[in-house]
Structure formats: C-alpha cells, structure tokens
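Visitor: I am new to this structure and would like to know what the terms used for it rest on. Please show it to me and take the terms one at a time.

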Amino acid sequence: MSDLKPARILAIETSCDETACAILENGRALLASTVASQIDIHARYGGVFPEVASRQHVLSIIPVVEQALAQSNLTLKDIDALAVTRGPGLAGSLVVGMNMAKGLALGLGLPLVGVNHLEGHIYSPWVYNAGEGAPPEPQFPLMALLVSGGHTELDLMTDHLTYKRLGSTLDDAAGEAFDKVARLLGLPYPGGPSIQKAAESGDPTRFKFPRARLENPYDFSFSGLKTAVLYEVNALKKKSNTLPVEDLAASFQATVVDTLFQKTMQAARDHHAKEILVAGGVSANRALRQAFLNQSEIRVHIPAFSLCTDNAAMIAAAGYYRYALGYVSPLDMDVQPTWSLS
Ligand code: KG4
Ligand code: ZN
C-alpha cells in the first residue's frame with residue numbers, strides 16, 4: 001500500500017491473559033513485539049481467572065512498553081500514532097491497556113485508534129519482521145477464517161476494513177472446543193497446544209466423530225463433537241483404566257481441522273475469493289496449517305507462529321489501516337464503530 005501515508009504505530013493489547021506491546025511501520029514491518037504471557041499463572045486454575053489477569057496486566061504494562069521501545073531502538077518521539085485493543089475481551093483486562101494508551105496519547109499529543117481484537121487477528125498475516133523480505137500482501141476478495149478461543153467465523157473481505165460475515169459458530173469456538181476436550185482428556189491448559197502434542201503420536205482414524213450438518217454451510221458447531229468425545233471417554237473408562245488419549249486427541253483434531261478446511265474452501269469457491277487467510281490462536285495448529293498450505297488450490301496467508309495467539313503486532317497492523325485510511329479521529333475511542341459487518 002505504497003500510496004498510504006507512512007506511519008509508525010505503537011500498539012497495546014491486553015484483552016485476555018497476554019500483556020503485549022508492538023511497534024510497526026507502515027502496517028507491515030515489525031520493529032518490536034513483546035508479550036508477557038500469564039499462561040503459567042492461569043494454568044493452575046485450568047483457565048483464565050479474570051481478576052488475576054487484570055492485576056497482572058497492571059504489573060506488566062509499563063515494562064512491556066519499555067521493552068518494545070528498547071527492542072526497536074526508538075523513543076516515544078519516533079511514534080506517529082497509538083493503537084489499542086478496545087474489545088471484545090475481559091473488561092478488567094481491556095481497561096488496563098486502554099488507560100495506558102489513552103495516557104500516552106494525551107501526554108504525547110498523538111492520535112489513538114481503538115481496534116477490535118478480531119480485526120487485529122485478521123490483520124496478523126500482513127505483518128513480517130523488518131529486515132526480512134516482505135511476503136506477498138493478501139489480495140482481495142479474500143476469504144478469512146478466524147479461529148480463536150472466543151470466536152470462529154468466516155468473513156469475506158472485499159477490501160481493507162470491509163467484511164461480510166458469512167457464518168460463525170452456533171455454540172463453542174474452535175479454540176474453546178480444543179480447551180474443553182483437553183480438559184476431558186486430562187490434558188493441561190491451554191488445550192490447543194496440549195491436544196496437538198498428544199495427537200502427534202495418535203491415530204487420527206481410530207475414532208469417527210460426527211460433523212454437524214447445518215442449514216447455513218458456513219456456520220460451525222462444535223458442541224456435538226465435544227459431547228461425542230465425552231461419551232467415548234465414558235465408554236472407554238468402563239472397559240479400561242487407561243484412556244487412549246493420543247488416539248482420542250488425534251481423532252478430535254482431525255475432525256476439527258477437516259471441518260474448518262472444507263468449509264473455508266467451499267466458501268472461497270462460492271464467493272470467488274482470490275486468496276484465503278487463516279488467523280487466530282487455532283491457526284498455530286500444525287495440522288491445520290498443513291491442511292491449508294498443502295491442499296488449497298489458491299494462496300493461503302497464515303501468520304507466523306508468534307502472531308497466531310494474542311499479540312500487539314496485529315493490533316498495530318489493523319490500527320495502521322484504520323489510521324491511514326482515515327477511519328479514525330484523535331481520541332475517538334468511545335464513539336467510532338471500528339468493526340462493521342454487513
Ligand atoms: O487468539 P487467541 O490467542 O485468543 C483469543 O482471542 O481467544 O486464541 C486462543 C485459543 C485457545 O483456545 C488455544 O487453545 C488455541 O487458541 N490454540 C490452539 C493452538 N495454540 C493455541 N489450538 C489448537 N492448536 C494449537 N497449536
Ligand atoms: Zn485473540
């Protein structure tokens with residue numbers, strides 16, 4: 001997007017359990033990215049404990065911003081605009097990042113862009129490490145599969161910041177299904193990486209789990225699959241003391257991956273999408289990445305591993321396009337609708 005105004009954005013993300021700051025140039029070139037993860041703290045509760053998360057953000061936010069500046073060899077004087085995740089997320093966590101960003105914007109006299117977390121995930125494949133070659137920029141119309149812990153949806157993106165939601169989950173999000181099934185199998189939080197690890201030595205064909213048939217072919221439903229795993233686990237427990245955790249994990253993962261892949265390809269064909277984009281925490285899943293990268297007939301954009309789960313680089317990327325395309329006025333945090341779906 002060489003015709004867009006150049007800008008260096010400092011972004012902050014604190015929507016859930018990662019305190020993150022990043023500095024990005026012109027929407028794509030990443031100068032610094034720091035993430036203070038709270039996974040170890042929340043693992044003992046088996047999920048994110050909101051009150052603990054917001055307290056931890058308060059402790060981490062200033063060091064994380066200072067680290068990002070140090071990493072980039074820049075000072076706050078070199079920043080042109082700020083971006084911050086304004087939602088969706090945990091209220092007590094969001095407010096820590098929003099207050100930090102508002103304080104910086106007021107103190108520095110810089111514009112502040114409020115970014116929707118989901119739009120941030122969608123922009124993660126635009127980002128690459130400054131100094132490395134820029135990968136091809138995603139081309140529109142683009143079919144975007146967003147798979148995170150809280151959301152699963154298919155969005156047709158016809159231009160920057162322009163989306164049509166074709167379908168979404170009717171119950172659990174894909175990441176949520178990974179987390180819940182991991183708990184059923186006695187695997188640690190977060191469930192996605194645990195299931196992936198167990199699945200590596202499992203047989204994905206051993207258990208045939210059902211796929212939901214839905215009126216809208218672009219919608220998703222994972223709660224029936226979760227229940228099917230539960231019934232299988234209960235039946236197996238009656239027969240033996242040891243569960244075939246690896247085979248269960250591999251069969252569950254294969255079902256989710258195939259469902260996500262088939263629906264996305266169908267949506268891309270039906271809407272004549274030029275390219276595909278996969279983003280959100282579940283896009284870190286190796287089996288999912290392999291399915292898309294090896295089997296799609298059209299180009300697939302998937303973020304680098306470090307940008308799949310929550311980070312601030314993606315918030316900076318979405319924030320840049322909102323800033324450069326004039327979708328924002330200074331400090332419009334509370335009034336500007338930053339995510340519109342037709
Ligand atoms: O995008 P994200 O970091 O947070 C939300 O915005 O929700 O996504 C977190 C989700 C969790 O449910 C986690 O289990 C899942 O992404 N996840 C994975 C993997 N890594 C993280 N799911 C499957 N395979 C993975 N390797
Ligand atoms: Zn996320």
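Guide: A residue is called buried when its relative accessible area is under 20%, exposed when it is over 50%, and partly exposed in between, using a 1.4 Å probe and protein chains only. Helices (H or I, at least four residues) and strands (E, at least two) are DSSP runs, numbered from the N terminus. This is a predicted model, in which local features need pLDDT of at least 70 and side-chain atom pairs count only at pLDDT 80 or more, while totals for chains, interfaces and linings use all residues. Residues are numbered from 1 along each chain as its sequence is written, and side-chain values use heavy atoms, with hydrogens and water left out.

Visitor: Which residues of helix α9 are buried?

Guide: In α9, residues 286-295, the buried ones are Leu288, Arg289, Ala291 and Phe292.

Visitor: What puts them on the same side of α9?

Guide: They cover an arc of only 160° around the axis, so they lie on the same side of α9; the arc is that of the directions from the helix axis to the C-beta atoms. The face turned away from the buried side carries Leu293 and Asn294, which are exposed.

Visitor: What do the buried residues of α9 pack against?

Guide: They pack against β7 (142-147), α8 (245-270), β10 (275-279) and β11 (300-301), where contact means heavy atoms within 4.5 Å.

Visitor: How do α8 and α9 pack, and at what angle?

Guide: The angle is about 35° and the axes are 9 Å apart. Axes are lines fitted to C-alpha atoms, for helices over the stretch in contact, and angles run from 0 to 180 degrees between N-to-C directions. From α8, the contact is made by Gln253, Val257, Leu260, Phe261 and Thr264, and from α9 by Ala287, Leu288, Ala291, Phe292 and Gln295.

Visitor: Why is serine 194 called buried?

Guide: Its relative accessible area is 13%, and the limit for buried is under 20%, so serine 194 counts as buried. Serine 194 lies in helix α6, and a polar atom of its side chain is 2.6 Å from the backbone oxygen of proline 188.

Visitor: Is threonine 169 buried or exposed?

Guide: Threonine 169 has 18% relative accessibility and therefore counts as buried. Its place is the loop between β9 (162-168) and α5, and its side chain reaches the backbone oxygen of aspartate 172 at 2.5 Å.

Visitor: What is the relative accessible area of asparagine 73?

Guide: The value is 71%, so asparagine 73 is exposed. Its phi is also positive, near 60°.

Visitor: Which residues does a cis peptide bond join?

Guide: One such bond joins phenylalanine 140 and proline 141, with omega about -5°. Another joins tyrosine 189 and proline 190, also with omega about -5°. Most peptide bonds are trans.

Technical notes
Chains are lettered from A and ligands numbered from 1 in the order in which they are written. A polar contact is a pair of N or O atoms within 3.5 Å; within protein, one must be able to donate a hydrogen and the other to accept it, and residues adjacent in sequence count only if both atoms are side-chain atoms.
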